[in-house]
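I opened my notebook to record what I looked up in this structure. The entries follow in the order I made them.

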Amino acid sequence: MLVSHLEMGMLSEGLTQVLIPVAALVGIVFALLQWYVVSKVKVSGDSSSGLSDKLIEDEEDGVDNREASIKCAEIQNAISIGATSFLFTQYKYLSVFMCVFAAIIFLFLGSVKGFSTKSEPCTYNKGSLCKPALANAAFSTVAFLLGALTSVLSGFLGMKIATYANARTTLEARKGVGKAFVTAFRSGAVMGFLLAANGLLVLYISILLFKLYYGDDWEGLYESITGYGLGGSSMALFGRVGGGIYTKAADVGADLVGKVELNIPEDDPRNPAVIADNVGDNVGDIAGMGSDLFGSYAESSCAALFVASISSFGISHDYTAMSFPLIISSVGIVVCLITTLFATDLFKIKDVSEIEPSLKRQLVVSTILMTVGIAMVSFFALPSEFTIFNFGTEKVVKNWHLFFCVAIGLWAGLVIGYTTEYYTSNAYSPVQDVADSCRTGAATNVIFGLALGYKSVIIPIFSIAIAIFVSFSLAAMYGIAVAALGMLSTIATGLAIDAYGPISDNAGGIAEMAGMSHKIRERTDALDAAGNTTAAIGKGFAIGSAALVSLALFGAFVSRAGINTVDVLTPKVFIGLIVGAMLPYWFSAMTMKSVGSAALKMVEEVRRQFKTIPGLMEGRAKPDYANCVKISTDASLREMIPPGALVMLTPLITGTLFGVETLAGVLAGSLVSGVQVAISASNTGGAWDNAKKYIEAGVSEHAKLLGPKGSDAHKAAVIGDTIGDPLKDTSGPSLNILIKLMAVESLVFAPFFAAHGGLLFKYL
């Protein structure tokens, strides 16, 4: 083999072992520093803090500043309590699932060799002995639990940061839009850096601890580490689906009764569903997105590490080259840190029109800087030439090949981000056309919105296709795994931009509920409109990276299951392919129906309160917010189980009953169809939302003709927005977890399926 005489990369093993944890710790320290800066904005009416007098530069029209601060604090507290209690209830359910599924992993993998404790011949490193299958079962189970806990922690911390920052953003908006923007962005950065750094640190420490047992058996070590990705994504699925159902049930209920029937503003405190709506932004868009992107990061790292462990890196025990995926993530944290300073310190926002360009600048700057970082890592961490496992053969690869693989993933992410922005931002013609179609009612708005979503799939799919072709041609499946890592290497910046959206949305809601002036609400609306677009960009990144990640995991699964080729002309594979392509539709049907039935109850409850509570419409009485929160909570916890079961059980049932070839077909089918459905659903929903905001803002002459709020065109836009809500915030974002999760689960259970799968075909 072409291994023993290869030169190692220039980066020593000792330096690598220092570099990775130091980068993670730098990320954590930077996040805490941002948190400290945000915490200096006081949320209370306590004038003794010495800040309340200095806080306001613009004199408020008729609102007592101290009173406004107290109201903001009260509303923030209500949102925080609602979000925390929901997540704790959800985590109780998930802890039961974690224990049951951990037991399934141990029993299935342990039974591969009849729970034997004897060493086995290695699958790939012929002539060597590897640790017993029982050890793989035990360590995969531990890795699964670690991944699940880190995912839950990522989501929970994100939610806590967002609920801490929302009222502070509202109060800073009184100083000017620039101050409010920086507060919201810093808070998003806290989440981004904590998640990126925690994910890297826990994975790095897990590998070190597992190595104490595995020693030189790197094949077994990195196979068991794949459980980390499975744990991360399984929690993300329930977080995304549960949070998505919660937030959209409240949002649809609040909008349909409040805006369409009663013609009251968004986030009006008289609306009983308004607190549930704001809680939902945090549990769905923040906690769900945090867990989702953590899952993508964990899985792409695990896929790359597994393929590397059965290639020359693993067999020759080149620790630095083996750690290439982790070094990329380490450099990414440092690059994102520098990029964040561009938004918070180097370029100050002075006007509303500068918000969106500043956020887009983050994407471009991080991508350019990361390209330089990847070039350095590829040169210093990798040997000049090495071999990569390629379905039973060895492919000779040079270090500059891997540079191109990672870089094309990174730049494909930027292309997907900008395409998503073009189709969902109201600054461009696609959304303006959708808004214009509202002149003739909701039906034409829906037709235009659906057409926009389908069309928006074209460029992202070509970008993903080019990235797959180039990276596979250069470095086989390892190339695709590191391309996915390239797309996720700037995850800290991506999450900061993404979390900024819901924080700004909440800030606007708090301003409305606290009775602040129209000027403040205009500023928070401007922040929120930019946030809507960046949220769509974040979803685009998540879906694009999910496509690459699941393909890399698919390759790892096929390798581990011992399949040399997946032939679509064989009936076993083709039936899997066609069933797999159906799964995203089945899953979407479940999640859409769940939102619809929960929204139905919410609409009825809001109508009931307006009818039965005297003086509610006039503002003399308070609504029963708690009842609406309860409806959303109960619906999401009950309804998240069937879609979750569909995703988790499909690979187990298919692999056990039909075997690895049919399962390979299912994975390929769900990947190909899921990506298209996810992109079109997310972009359709985002376009409808921003078409409504375009009419509400009334900035251009065209928008003024369609408005103002309450006009027929505006009501048609609101109906489009409410249809789009479950598409963009429940079904669309959850689909990327479906395709990743089924692939990583198949990889973890591959030894069992290869040994005992295909029971039906054995007896037919």
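**Entry 1: α3 and α6**

I started with two helices and noted that α3 passes α6 in a right-handed crossing. The model is a predicted one. I looked up the residues that make this contact: from α3 they are Gly147, Thr150, Ser151, Ser154, Gly155, Gly158, Met159, Ala162 and Thr163. From α6 they are Asn282, Ile286, Ala287, Gly290, Ser291 and Phe294. Sorted by class, the contact of α3 with α6 holds 10 polar and 5 nonpolar residues, and no charged ones.

I then looked up the geometry. Two packed helices are described by the angle between their axes and the distance between the axes. For helix α3 (residues 133-172) and helix α6 (residues 274-309), the axes come within 8 Å and cross at roughly 145°.

**Entry 2: α19 and α22**

I looked up a second pair of helices. The axes of α22 and helix α19 (residues 641-658) come within 9 Å, and they cross at roughly 35°. The crossing of α19 and α22 is right-handed. On the α19 side I listed Val647, Met648, Thr650, Pro651 and Leu652 as the contact residues. On the α22 side I listed Leu738, Leu741, Met742, Glu745 and Ser746. By class, the contact of α19 with α22 has 7 nonpolar, 2 polar and 1 charged residues.

**Entry 3: a hairpin**

I turned to strands. Strand β3 (residues 385-390) and strand β4 (residues 393-398) run antiparallel and are joined by 6 bridges. Phe386 stands opposite Val397 in β4. β3 and β4 form a hairpin, with 2 residues between them. In the turn I noted Phe391, which has a positive phi of about 50°.

Side chains of opposite charge can pair when their charged atoms come close. I looked up the count of salt bridges, and it comes to 27.

Which side chains meet Lys248 in a salt bridge? I found Asp251, at 2.9 Å from N to O, and Asp725, at 3.6 Å from N to O. Lys248 in helix α5 and Asp725 in helix α22 (residues 712-748) are 477 residues apart, so I wrote this pair down as a link between distant parts of the chain. Lys248 and Asp251 both lie in helix α5 (residues 218-261), 3 residues apart, about one turn of the helix. Lys248 and Asp251 are both buried, and Asp725 is buried too.

I also noted a network of salt bridges that links Lys248, Asp251, Asp528, Asp689, Lys692, Lys693, Asp721, Asp725, Lys728 and Asp729.

**Entry 4: Lys175 and Glu172**

Another salt bridge joins the side chains of Lys175 and Glu172, at 4.0 Å from N to O. Are the two partners buried or exposed? Lys175 counts as partly exposed because its relative accessibility is 22%, and the cut-off for buried is under 20%. Glu172 has a relative accessible area of 6%, so Glu172 is buried.

**Entry 5: Asn690**

My last entry is on Asn690, which lies in helix α20 (residues 660-697). Asn690 counts as buried because its relative accessibility is 1%. Leaving aside neighbours within four places in sequence, Asn690 is in contact with Thr424, Ser425, Asn426, Val431, Ala529, Asn532 and Thr533. I also looked up Ala435: it is 255 residues from Asn690 in sequence and 8.5 Å from Asn690 in space, C-alpha to C-alpha.

How values were computed
Residues are numbered from 1 along each chain as its sequence is written. This is a predicted model: local features need pLDDT of at least 70, side-chain atom pairs count only at pLDDT 80 or more; totals for chains, interfaces and linings use all residues. Side-chain values use heavy atoms; hydrogens and water are left out. Axes are lines fitted to C-alpha atoms, for helices over the stretch in contact, and angles run from 0 to 180 degrees between N-to-C directions. Helices (H or I, at least four residues) and strands (E, at least two) are DSSP runs, numbered from the N terminus. A crossing is left-handed if the near helix is turned anticlockwise from the far one by less than a right angle, and right-handed if clockwise. Contact means heavy atoms within 4.5 Å. Ala, Val, Leu, Ile, Met, Phe, Trp, Tyr, Cys and Pro count as nonpolar, Asp, Glu, Lys and Arg as charged, and the others, Gly among them, as polar. Two strands pair if DSSP finds at least two bridges between them. Buried means under 20% relative accessible area, exposed over 50%, partly exposed in between (1.4 Å probe, protein chains only).
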